[in-house]
Amino acid sequence: MTNRNFNHFHKSSFCAENYVVTIVPSFSYNKSLPLLSSQKQDSVGPFIAGMPVQVPLWMAKVLRQRQLAQINIPEWLAPENLTVILKEEKENTVLTNALPFYYYEIARSLQWAMESKSIMILLQDLTNVRVDKLRKQFHDLSKEDLEDKELSVISVGGGIASIELNTVGPFLQRAFSDHGYLTSQSTQKSTMDGEDSLEKENLSQAEGVKNVAATKLARSRLRRFRS
């Protein structure tokens, strides 16, 4: 994993800490606590011992580490629910929206609090299926005649998540760059075909070899993601 991808995953893990979870505190505090980092709520509390309350994930982890609260694992992380979602992913061509945007990062953050060790296995299978859907969608990008066509529409539904973006994002950036290069090369060739032979001869042989090599490399990268 490159440093760039490493930073992307760490940023996603940081953002996932604002996901709201339910805790059961073992203490009481009759005032609300203001939050500056949460986008969904301005404050949390008051806290009543034994009564469920919603807090950001980062606060839930701090209270749990200090033995001041228990964290209720989100319902979508239950093995039976993940199994249903995995089946749905395998049967449909678009990505389900039954998962939070940072579902993978949230699960990793709560891994220590999960009773079932099969949850992370299910999540890995789920992620593999979702990424494979995107791979199939990008199949048309690697055709030999790509430079003569417009990019096809990629239909992923409304359920694409952070882990998929971090996995395929670097490839997409490279693929669109290569597509632009191949398209410009095709346009340049068509323009030169309309010029007289004297102007064609002004193009150096070294530049021609360089363009051919770059074109082959771009096509190779576009094919690589299919395997």
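A contact here means heavy atoms within 4.5 Å. By that criterion, residues 24 or more positions apart account for 70% of the contacts in the protein with a separation of 6 or more. This is a predicted model, in which local features need pLDDT of at least 70 and side-chain atom pairs count only at pLDDT 80 or more, while totals for chains, interfaces and linings use all residues. Residues are numbered from 1 along each chain as its sequence is written, and side-chain values use heavy atoms, with hydrogens and water left out.

**Whole chain**

Switch to cartoon. There are eight helices and five strands; these are DSSP runs numbered from the N terminus, helices being H or I of at least four residues and strands E of at least two. Their order along the sequence is α-β-β-β-β-α-β-α-α-α-α-α-α.

Now show the surface. The accessible area is about 14,000 Å², and carbon and sulfur atoms hold 53% of it. Areas come from the Shrake-Rupley method with a 1.4 Å probe; for residues, only the protein chains shown count as cover. Of the 227 residues, 36% are buried. Buried means under 20% relative accessible area, exposed over 50%, and partly exposed in between.

**The core**

Select Ile-23, Val-55, Leu-77, Leu-82, Tyr-103, Leu-123 and Leu-126. These have the most contacts inside the largest nonpolar core, which has 35 residues. Elements giving two or more residues to this core are β1 (20-25), β4, α2, β5, α3 (79-91), α4 (103-109) and α5 (118-137). The largest share, six residues, comes from α5. Such a core is a set of buried Ala, Val, Leu, Ile, Met, Phe, Trp, Tyr and Cys residues joined through side-chain atoms within 4.5 Å.

Stay on Ile-23. What does Ile-23 touch, not counting residues up to four places away in sequence? Its partners include Phe-47, Met-51, Pro-52, Val-55, Ala-60, Leu-63 and Ile-71.

Select α2 (57-65). Here Leu-57, Met-59, Ala-60, Lys-61 and Leu-63 are buried.

Step just past α2 to Gln-67, where phi is positive at about 60°, although Gln-67 is not a glycine. Is Gln-67 buried or exposed? Gln-67 is exposed, with a relative accessible area of 67%.

**A cis peptide**

Finish at Pro-46, in the loop between β3 (43-44) and β4 (53-56). Zoom in on the bond from Gly-45 to Pro-46: this peptide is cis, with omega near 0°.

Notes. Buried < 20%, exposed > 50% of the residue type's maximum accessible area, 1.4 Å probe, protein only.
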